[in-house]
Amino acid sequence: MLNKFVEGLESEGVVVISQCLVPVSPYEFPFRSYGRLIKVTLETFFLLRSRIEVIDKKCYGDWDRVIIAGPTWSYHASGPVLDFLDRFGKNVCGGQHVIPFISSRAYWRLHYLGLKWRLKRCGASVVEKPVVFTHPTREPWRTIGLIMQMRGKMVRKENSWFRKKYPGFGHNREQGNVALEKGRELGRTLNESA
Ligand SMILES: Cc1cc2nc3c(=O)[nH]c(=O)nc-3n(C[C@H](O)[C@H](O)[C@H](O)COP(=O)(O)O)c2cc1C
């Protein structure tokens, strides 16, 4: 979704500088047991930070927009994003106009509120409404599908009963097109105000 959004921005001539947040010890996906899945769910619910590698100096500057992108983990921003905000948030987001970009199965609002609060504490001058993408499948399949994916037990057979209810994990192609268009829209806005 983020790549499509960036593609939209770049198609309008906007220069985008990207920085991946790279966890020093990333969680293994898929999780090796249900016990492990529950442990990680609890850790992330209680906002355990995932330490990231030091970010590049290219991130420090005065930007038209800073986009902070990441998934929802247990109703909150993910561990790497939380560590980023703790350690680099002030220097990267202070005085900047920030757009949160969220990928979530369904429940992103608390994530957004927490992120907004943290960004304000970092001194962000504007925190815009987030760009949000949720998984497009209906419940209960979308929750069951997420659990199966996290355990590496997704049903592979395309014509299976389950796959009729749950065509695939995550976001779909149409959402990719929406992300592209949203990127273009922001690009046009930036060009008009330039
Ligand atoms: C540890 C973990 C916890 C999650 N918790 C939530 C949650 O509380 N609410 C939600 O809507 N989605 C939750 N999700 C699903 C992700 O937000 C969703 O899959 C999102 O699209 C992230 O993209 P990814 O799975 O490709 O990383 C969780 C995913 C993981 C791995």
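Which residues of helix 4 are buried? The points below answer this and describe the rest of the chain.

1. **Ground rules.** This is a predicted model: local features need pLDDT of at least 70, side-chain atom pairs count only at pLDDT 80 or more, and totals for chains, interfaces and linings use all residues. Residue numbers start from 1 along each chain as its sequence is written.

2. **Buried side of helix 4.** The buried residues are His111, Leu115, Arg118 and Leu119. They sit on the same side of helix 4, because they cover an arc of only 100° around the axis. (The arc is that of the directions from the helix axis to the C-beta atoms.) Buried means that 20 or more other C-beta atoms lie within 10 Å of the residue's own; exposed means 12 or fewer, partly exposed in between, with C-beta atoms placed from the backbone.

3. **Neighbours and the other face.** The buried residues of helix 4 pack against strand 1, strand 2 (76-77), helix 3 (79-93), strand 3 and strand 4 (126-127). The face turned away from the buried side carries the exposed residues Leu113, Trp117 and Arg121. Just after helix 4, Gly123 has a positive phi of about 95°.

4. **Length of helix 4.** Helix 4 covers residues 109-121, which is 13 residues. At 1.5 Å a residue it should span 18 Å, and its end C-alpha atoms are 18 Å apart, so the two agree. The expected span is 1.5 Å times one less than the number of residues.

5. **Helix 2.** Helix 2 has 12 residues and reaches 16 Å from first C-alpha to last, close to the expected 16 Å. Helix 2 is hardly covered: its count of buried residues is 1. Leu47 follows helix 2 and has a positive phi, near 65°.

6. **Around the ligand.** The shell has 16 residues, and Pro71, Thr72, Trp73, Ser103 and Arg105 come nearest. A residue is near if its C-beta atom, placed from the backbone, lies within 6 Å. Helix 2 (34-45), strand 1 (66-73), strand 3 (97-104) and helix 5 (141-150) each supply at least two shell residues.

7. **Whole chain.** The protein chain has 7 helices and 5 strands. Helices (H or I, at least four residues) and strands (E, at least two) are DSSP runs, numbered from the N terminus. The chain follows the pattern α-α-β-β-α-β-α-β-β-α-α-α along the sequence. Of its 194 residues, 25% count as buried. The C-alpha trace spans about 55 × 35 × 25 Å along its principal axes.

Key. Contact = placed C-beta atoms within 7 Å.
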